[in-house]
Amino acid sequence: SIRGTIFLALDAALTPGVEEYERMPAGDPAKFPARHLHDSGQSPTEREAQHSRYDMEITVECFVQGNGGAAAHDQLNDLYADTVTRVMALIARDDIETIEEGALRPAIAPLSSTRRMGFGLDFAITFATRRGDPTQN
């Protein structure tokens, strides 16, 4: 499906630059820095005679290890910038019409016995498929 190929492109874009990457993780990260991709669903935005257009919502969660403070926050900001650059570069693909960056939610993330900082970052990706056939655009 078009949707599936977009997720494969996201996997390829988001894997480099971190020690752990996982799509739809079942638990907390084990290696740091980490980047996780969550499928937040999609909604139709426009229906034409031949095509349907969708806004697919994704959330990228990123984590760094540290006790907080400026050094960990700087690492988190670098990971944010890297993530945005990687996702926005996918706009060059033929199957993606637009990518919009959404809300950024930084947080202290006490995972296990070590403190980590993390953030959730939303994106909306607009794509079209042939009406009734999500494998064709």
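# Reading salt bridges and a helix pair

Me: Is Arg-3 buried, partly exposed or exposed?

Reply: Arg-3 counts as partly exposed, because its relative accessibility is 23%. The cut-offs: buried is under 20% relative accessible area, exposed is over 50%, and partly exposed lies in between (1.4 Å probe, protein chains only). This is a predicted model: local features need pLDDT of at least 70, side-chain atom pairs count only at pLDDT 80 or more, and totals for chains, interfaces and linings use all residues. Residues are numbered from 1 along each chain as its sequence is written, and side-chain values use heavy atoms, with hydrogens and water left out.

Me: Which residue does Arg-3 meet in a salt bridge?

Reply: A salt bridge puts a side-chain nitrogen of Lys or Arg within 4 Å of a carboxyl oxygen of Asp or Glu. Here the partner of Arg-3 is Asp-39, at 2.9 Å from N to O. Arg-3 sits in helix 1 and Asp-39 in strand 2 (residues 34-47), so the bridge ties together parts 36 residues apart in sequence. Helices (H or I, at least four residues) and strands (E, at least two) are DSSP runs, numbered from the N terminus. Asp-39 is partly exposed too, at 28%.

Me: How many salt bridges are there in the whole structure?

Reply: The search finds 9. Take Glu-97 and Arg-53: their closest N and O atoms are 2.6 Å apart. Glu-97 is in the loop between helix 2 and strand 4 (98-111), and Arg-53 is in strand 3 (residues 51-65), 44 residues away. Glu-97 is partly exposed at 36%. Arg-53 counts as buried at 18%.

Me: What about Arg-105 and Asp-122?

Reply: They form a salt bridge as well, with 2.8 Å between the closest N and O atoms. Arg-105 belongs to strand 4 and Asp-122 to strand 5 (residues 114-130), 17 residues apart. Elsewhere, bridges that share partners join Glu-46, Glu-48, Arg-53 and Glu-97 into one network.

Me: How do I read a helix pair?

Reply: Use the angle between the axes and the distance between them. In this model, the axes of helix 1 (residues 2-14) and helix 2 (residues 69-88) come within 9 Å and cross at roughly 140°. Axes are lines fitted to C-alpha atoms, for helices over the stretch in contact, and angles run from 0 to 180 degrees between N-to-C directions.

Me: Which residues meet there?

Reply: Leu-10, Ala-13 and Leu-14 of helix 1 meet Thr-83, Arg-86 and Val-87 of helix 2. Contact means heavy atoms within 4.5 Å.
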